[in-house]
Structures are given as structure tokens and as C-alpha cells.
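Biologist: Could you walk me through this model? I'd like to go from the overall fold down to the details.

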Amino acid sequence: MNSTRNEQPRQRQDAPGQPAATPRRTWRGGIAGTVVLLALALTTGLTRAAETRIQLDGQLNDWAGVDRHADPVGDDLHGHHDLAAVAVHHDPSWLYLLVELDRGNGDFYGNSNRVEQVVVYLDTDHDAATGFRVGPEGREIGAEFALVSSRRVSTRTSSEGTLYRGGDPWYGNSRAAEEAVLVGNVSGNRGLPRVEQQEAIHAFETGVPLDAIGLAAGGRLAIAVRAGRSGTGAQADWLDRPLSVAVPPPVHLGTLRWRSPTLEYRLSAPDEGMGLVGLRHIGLDRAFLRVPDRADAARLWSIALTANPADPAAQISVSNTTPAEHREARAEDGLWTLTWQGVALPDQSTIDVVVRCRPGAATGGLDDWRIEVTYHSTTFGILQTCFPTLELGVIGDSGEDDTIILAPAEGRSLRNPIAWGLDKAGPQINTDITTDNVAIETPPGQVDFGGFGAARPHGLPYPGGRGQMQLAAYYEKTGDAYYPDVRPGAGLYLATHDDALYPKLIFCTPQSRRGALLFEIAHHPDDSARPGLAHRPPYPVVLGGFTGDWYDATQLYRQWAVTARWSRPGPLAGREDVPTWLKEMTAMIRADVRKADQETVLPLLAPMREALAGTLGIQWYFWSAWEKRPDTTGYAFPARPEGPPGFEAIVAGLQAQKMAVFPYMNTRLWNDGEGDEVTPWLMRRQSGETFHEGHAAHPCVQTAFWQDYLTRACRELTQRYAPMGIYLDQGAEAQFGGHPNWQGCHHPDHGHPRGVTRDMVQAEYDRVERIYRAAREARPDVVLCGEGNAECFNDIVSNKLIHYEIWPGAVPLFAAVYHDYVTAYGRTALLVAKDPSDPIPAMRIGWQLAMGNQIGRVWTGAIGAQHADKPHYAEHLDYLRRATVVRQRFPAFLCVGRMLRPPFVDGALPTITTNEFLRLDHRVTLPAAVGSTWQAADGSLGVLWTNMSRQTVELVFWIDPALAPGKALERAYDDGGMAADTALGPQVRRIALPPLGIAFYTLR
Ligand SMILES: [Zn+2]
């Protein structure tokens, strides 16, 4: 037997039960140590408290439910290294230990420059006859591994856990040192095991991956723990009883193992519920899920049901693990079927659930999953069917390079989303990935929307500003969020492909302590919570593995999206119903003079017209006669089509100067006290209360009254003033959320199905379409603009206000799918920062230019002689002017072109940070230079570069070689300030972009 056997002294063992503090023996061979003699080896199972999830982060409260194995206090000879207790825990992949030390009356660490150690010896074959023989006398184990945590007293620095095989170099025995083989630092990114300075207890946590110590499933290991000084003569305290620990078999991973072209799915057995226990990228061998603790707790779907929609507390939930009469799984050629028959409901009735997958059958060769719920209850109705429910885990060995993308606003990416909840407290944790930082919690007693957030209970509602597409993805990527990585990582595509306007909620809930991110797609039945209705969403949930990043995910989605109903009119470049002036609009101005006379806007717009190139949009707030009245406050709710005298001439005058007027018309609200005729048509919540937002109520979009009102108002507006556009605030989206207060209209007399339904979304589409047609009767080329319009309005709403032009981790998901289908402009463009040194004006202009936006919104009064002396005003104005010039010069690319993969850049670019962002912690950091790649309708390619900083940025870039084989980059535009531009190859350039410089390349 090839084992390491260290000679150990044999000494008399104390009788069981003897006070542990009495006899101390010094070991032979120079190993000084106090040996606490043990009674019997304690046989223990690992603590498996259901909710215990250990994170190696130095925070020890996650050990609260784990049993301690106590060691007598005061049993070390010198009172310096007194073990108090050890706790052991494991999950499917790691073994964790908590070590608590007692410092007694003295200063535990003293003042010397010595190294304190705690060594955990692991006998992984549970055979004392093999391995390095260590432990309390008479109870030695045969350790295969030593996990050493050291701490240098003088500097109070702690080391990471270091794993040795075959010995322990610090043991103070030459043989033990000779045999020790360094396996490595095992704590990795799981946190530094460290000794925490606490009042009475010094404690630390450490851990080791099970596969690093070759632990066999279903086996046992023995653990001995020694605290002491390293080297000869050190005092030590052994845990008096080596622990014998059972390692249960890992989660049953292989029961159902199905492979599609891109993913390997592992599901638990039918008797365990057929939950998803593994999901693996086949090509790159990367797992996307957190390994569940138990196979019979693994998730796949859940259904929220209620017997009383008005009472959120009456809601119940069943899932794939709920007891059922019969479950079975079948895999036939090209079709996988999972059946749950007779899933028990509390009223003794049942539902049946069938999940089917046609692997590889969805667009892009991805997997087409469907769920069907058949219903046998007359008591409970379905509120939501959640499918899939995935517990996303760390991809590969670190969460630092994991990214989730979701489509609130025009797209958000979030790095290390599993740790999302750890570094922020309170409601903020949910706001990174939504559109706003409205508080998540509703104050008690206050009826409100309940806040925004991707996490439960709110979720990202589709279709809406906070859910503009049905796309999400989770992938591994290093480096900058926006630019591509030359070594693309593994990605999981998560989407639905539905063009029939069904509402959905995507929940993305961080469970950081568990090491998981819960991803769920909730589907809504045709009549929310009506008992007896089956629920068969007629569209696929599409899962698939891909290689790459956000851009690759958007292009998979685009393959389907351009076939969807709303894409039928085709790309903008070929659309005759969309006027050229809109396609080539360069910038959007936000006009707003509040109560002042309408004419007072003209001297504010004149310098803008003079400074900027191309057609400008004028998004006009507070223009109506109602809003100008001295006895009114706020906006005209409902929208009113009457302007003050002379408005018609003002509109005509501006439009003659290529300033397209978009009057503001709200589509959602009706002020209290503005007429009783609306009362029967107001939305009601589940509770029966009228749906209010501040001092205005929501008329129901599903009623003819409200559709007729808005259609008439927009027709009259267009007839009277002939604006080139109409800005429909709060339109072109379905408004709902996961919060119980925000569940569609439940008015019993409106005649529509109640709650969040397809009917609700269809009604929204219908009313916007009616507005569009009515307005076009009056002016055939008028266009509609919405705020954060969702994709399904693209055919009738050709312009949109985007939420924020910059955002941490900005990735233009919507533009990468739809830039050639709908035009957009940003929220804010100002030329002077609050702090003159802050780069936000340039960041907003530059990022929008590179993303192919109409640059906006240039605020009323932002341009004019009154600013001339302000710092950087002139250079920002010039940057904005040049941005409009470049858009005017290359509209086939920047205005209506298809967005391609961004250029590759060599190495990391310098970054630029603003502290004046309006949301989150006010900070956004972006690459200082931003490049984008475009394809015109004729197939030709262009590359834009701009430098948003005040320093010259040198960089090397190239484009995806697959895009234009054989063609060469040629500079078609620059500001004249290019310090250097060297061709390193036909499609590779080294450039030096001057501060606020813009360059455009074409490929010939
Ligand atoms: Zn209604």
C-alpha cells in the first residue's frame, strides 16, 4: 500500500469521561502539542438544515443553524490556541468548516511575530491505515489532505486556505513536510477564510471543493482539527474528537439526461418531480444552473392559483414537486414529454400539466419548450403559470465574469448577478436592472404600483417600457460589457417567441446567500383566475446554448423577431409609409415653456436650429390651451387637442424650418374632477378600488369610451395643427406588474376578461392603431412616438423616447435587434454639467451617436448665448453639432442601418466616469471611446468611432472578419483632428481619436 505513514507516539489514553483539561502529553519528534484525549469518535451526519447556505465571505451568521461540535474550553496548555467548536456543512460541491476559538482570559494572539494556524486534516477514504497519521492520541486518522489556514500575528493578515496532499509542511516534522504536495489555494473566489476579530470568539470559515479532495459519493470522511503555532515547539489544541462525516450521494444527476443540439438537460426522476438539476452548454462544457441540494426540490414550473382574486393572501402555488397521481417522462424521436397527472390542489381537485420540448426546433436551432395546464377545479383559477423556473448558478469557476441581460428599457446588463444582493442593501438591489429607482416597497397603507424591479414580486412586464422584448440571456464574458471578447464564452439563451401579444412577466430574483439567481417567465391565461380554464400558451419558451455575448443573443432573437407580425412592414429603409424626414432626423428637442406664452419658445429654438444639422424633432410639453390656463396645474389629463390661439401658425413656421413638432398627448390618465362621464370606465383593481396614479385615475384601455376619446383627440389635434408627429405618453405598452396592486382591470361591468390578459395587450395595440389611422386621415405622413415602446408596436409607432441614454454596463439590446425597424432618441442632452469637470454632456452625446440614436433630448434653452461663458459649453455644442452632421451625412448607416457587432478592440480602453447620472448611485463608467458597426440596406458596411473624453484615445480596432471578407476600411469622415490613423491590415486600424473626435469608416 502506497501510504504515507508518519511515526506517531503511542501513549496512554485517558479514560473516557475524564476532564479534558487534565493530562497533557508532548508528542515525540519535536511536535509540541497538547493532546486532548478523546472519548469516542463522534459519528455525525453533515448538518443539512434545509435553508443553510454557506458563503465563504467572513460573515458567519449563515452558520446559525449548523450544529457545533464543541471542544472543551481551557484544555490547551498555554491558553493560546484553544479550540472551542467546529461545525461542518456541505453542499453538492463544497465542504465547509467553521472553526471557533476561545481566547480565555488572555490575549489570544499575543504580540509576537508568529504564525497561528488551524489545520483541518481530511481522511477522505475514512481509513486510518492510509494517509498521514495525525490526530489526538489514540484516535488518529489517516489524513489524505491537510487544509491549512494561517495568520501572521504581527501584521494581522490572514492567508487563504492552502491545501496539501500527503502531509503538512507546517507540522514540524520533516517527514510530514517532505511528503506534503501543494495542491493549491482552494478558497479561490469563494472568499478568504479569515479570522474574525470578535469580542469573545475568534472564528473563521474555510472550505474545499469536494472534487479537489476526490471525495466519493456516498462515502465518509474523518476530520481532525488542530489549532496551534506552526513549527517545532508550538503549542496546539486538537479537537478532542475527530469527526466522522457522511457524504450523501450527490443529487441524482443522471436520471433523465437529454441532449439537444446546444444543451444537455438533466432532470430528476419522475418520483422526484422531474425538476431541472442540470443545464449544460454542450460545446463549451459549461453548467448554468446551481446544483440543487436535493433532486426532489429541483424546479421546472410553478403555477399560482387563487380562489379569490381580490385577496392576495388566498393565493396558493403548486409546482412540479407537488404530489401527483402519476408522473412520467418520455423521449421519442424529436419530442420529449413530461407529464404530471393529477397534481393535487387543496380543494381535492387536480390539474394536469404536460411539458413538451422539440429540441432544436425553434428559430436558430434552439429548443422549443411548451407547457399545457389542464384544469379540473371549479374553485381555483390560474393567475400565472411560471415556466421555466431556473436556479441559475455561477458559470464556470467565478461569478465575476458572469453577465445577465434583460430587456427593461432598451437593454440592461448586470455583471455577477448572483452577488447582486450582497453589495447593496434594501430596495436598491432590484433597481440596477430596471428603468428607474422608484422604491420597491410600498409604505404600509398606501396603495401604489408597488415599485419597479426585476425581482419578485414585481418582475419585468412585457410588453412595456420595462419589458420591451422577450429576450434574456446569461453568459460568461470577461472584459468590457459592450465590446466583444476575442475568446467568446458560453451563453444560455432565454426567451419566448410570441407575436400574438400575450403578456408575460420575467422575474429575476437574486438569492445571493444561496448562490443562485432565480429566473422565471410567468405566463398569463386568457381570463385571469377564472376557475376551470385550461392554460396553453400558444408560443414557445426558447432555450438554447450559444457562444458569445449580448450581441450574439440579440442576433438569435432577431432571426425570429424580423418574422414577427410587427416586423411585416419591413425595415425602415424600404418603408414608404414612414417619411424620410423621420428616418433621417438628427436630434430631438424637448420644448417646454410651461405657462408662458407659446411664442416665447421661438427665441429658444432659433439658436438650436442654427447650430444643428438636419431635421430636428420638437417634443412639445405644456402646449395645450388647458395647460396654459391660470386655474390649472400639471398636464392635461385627459389629453386635449386644443392649443392656444396662434399655435397653428407656430407649428407651421417651425415645420417649415425642418423642425417636426410632436405635441405631448397623454394616453393613460384622467385628472380627478375633470368630468364624471369617465367614472364608469375607470380601471378597478382586484380589490375593487379605482386605479389611481397621484391625482389622476386610469380609464380602462379595454373600453370603447377611452379608445374613442383618444382617437378623437388625436384626429382633432392633427386636423387643427397638422403636426408631423404625436408624442403618446404612457402609450404603446401594457401597464401591469407582479405586484398584487397592479394586475390589470377587474371592473365587473366592462365586459372584458379580468386581469392581466392578452385582451389587455390587444386593446392597447388596437387603440394605438386607431389613433394612428385617425391621425393619418388628417395628415397622411404623421408619425407616432412613444416612451420606451415595446417591440410589438414597431409597425405603427416608428419613433421612441428611450429611457436613459447611458447606464452602467450599457448594451444596446433593442437597437441590435430593431435599429433598422424603429427610430429612437435619448432622454437628456445638456451641454453644461453641474460640476464643470464632469464628462456627462459628452458621454450622452457620444454614446447616443454611437448607438444610432437621434441625439436627444436637447433641453429647452440648452443652446444660446446665455451659456457662452460656461466651462466646456462651446466644445460640447460643437460636439453635438458634429454629431448631427455625421448623422446627416451617413443616414443609411446611423439612422436606418442594421446594428452589427461592435468593433473588436485590442486590450482595454481607458474609461470615463460621470458622477451626475440621475439614477442608482449617480455613477456611470463607460469606455472613453465608443465604436459601432453598421450595415446599410444595400449591404454596405460602416464603422463609427467617437471619443467622449477630453484626452486623445489611441486604440487598435478591427471588425468581425466574417462581415466583409476581402474589403478594406477606408476613412470617410473625420473632424480633421485625427492624430494618427494607420492600417495594420485591410480591416485593422490603429487610430488616435482627438478629444470629442468623431470618425466614420466605410468598407470598400
Ligand atoms: Zn376594464
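Biologist: To start with, what share of the contacts in the chain with a separation of 6 or more comes from residues 24 or more positions apart?

Modeller: This is a predicted model, and in it residues 24 or more positions apart account for 69% of those contacts. The chain holds twelve helices and 57 strands, and buried residues make up 62% of its 1004 residues.

Biologist: Which strands form the open sheet with parallel pairing?

Modeller: Nine strands form that sheet, in the order β44-β43-β42-β41-β37-β36-β35-β46-β45. The edge strands, each pairing on one side only, are β44 (823-825) and β45 (828-829). Within the sheet, β35 (residues 587-591) and β36 (residues 616-620) pair in the parallel sense over five bridges, and Met 588 has Gly 617 of β36 as its bridge partner.

Biologist: And the nonpolar packing: which residues touch the most other members of the largest core?

Modeller: In that core of 178 residues, they are Tyr 493, Tyr 557, Trp 620, Phe 662, Tyr 818, Ile 863 and Trp 945. The largest share of this core, eight residues, comes from α8. There is also a second, separate core of 53 residues, which includes Trp 340, Leu 345, Val 353 and Ala 472.

Biologist: What is Trp 620 in contact with, leaving aside its neighbours within four places in sequence?

Modeller: Its contacts are Ala 591, Gln 598, Val 601, Phe 647, Ile 650, Leu 654, Val 661, Phe 662, Pro 663 and Tyr 664.

Biologist: Back to α8, then. How many Å should that helix span, and what does the model give?

Modeller: Helix α8 has 21 residues (758-778), so at 1.5 Å a residue it should span 30 Å, and the 31 Å between its end C-alpha atoms agrees with that.

Biologist: Which of its residues are buried, and what covers them?

Modeller: The buried residues of α8 are Met 760, Val 761, Ala 763, Glu 764, Tyr 765, Arg 767, Val 768, Ile 771, Tyr 772, Ala 774, Ala 775 and Arg 776. Their cover includes α7 (704-721) together with the strands β41 (725-729) and β42 (783-787).

Biologist: Switching to the metal: which atoms coordinate the zinc ion?

Modeller: The zinc ion is coordinated by SG of Cys 700, SG of Cys 745, ND1 of His 750 and NE2 of His 752, at 2.0 to 2.3 Å. Along the sequence these donor residues follow the spacing C-x44-C-x4-H-x1-H.

Biologist: Why is the arrangement around the zinc ion tetrahedral?

Modeller: It is tetrahedral because the four donor atoms subtend angles of 105 to 116°, and four donors qualify if all angles lie between 85 and 135 degrees. For reference, the ideal angle for four tetrahedral donors is 109.5 degrees.

Biologist: Are Cys 745 and His 752 buried or exposed?

Modeller: Cys 745 is buried, with a relative accessible area of 1%, and His 752 also counts as buried, at 10% relative accessibility.

Biologist: One more spot: where does Pro 531 lie, and what is it in contact with beyond its sequence neighbours?

Modeller: Pro 531 lies in the loop between β33 (516-523) and β34 (541-547), and it is partly exposed, with a relative accessible area of 34%. Leaving aside neighbours within four places in sequence, Pro 531 is in contact with Tyr 375, Ser 377, Thr 378, Thr 379, Phe 380 and Gly 381. The C-alpha atoms of Pro 531 and Leu 383 are separated by 9.9 Å, although these residues are 148 residues apart along the chain.

Definitions and conventions: Residues are numbered from 1 along each chain as its sequence is written. This is a predicted model: local features need pLDDT of at least 70, side-chain atom pairs count only at pLDDT 80 or more; totals for chains, interfaces and linings use all residues. Side-chain values use heavy atoms; hydrogens and water are left out. Helices (H or I, at least four residues) and strands (E, at least two) are DSSP runs, numbered from the N terminus. The expected span of a helix is 1.5 Å times one less than its number of residues. Buried means under 20% relative accessible area, exposed over 50%, partly exposed in between (1.4 Å probe, protein chains only). Contact means heavy atoms within 4.5 Å. Donors are N, O and S atoms within 2.8 Å of the metal (3.2 Å for Na, K and Ca); water is not among the atoms, so sites may look incomplete. Four donors count as tetrahedral if all angles lie between 85 and 135 degrees; four count as square planar and six as octahedral if opposite donors are over 155 degrees apart and all others between 65 and 115; anything else is irregular. A nonpolar core is a set of buried Ala, Val, Leu, Ile, Met, Phe, Trp, Tyr and Cys residues joined through side-chain atoms within 4.5 Å. Two strands pair if DSSP finds at least two bridges between them.
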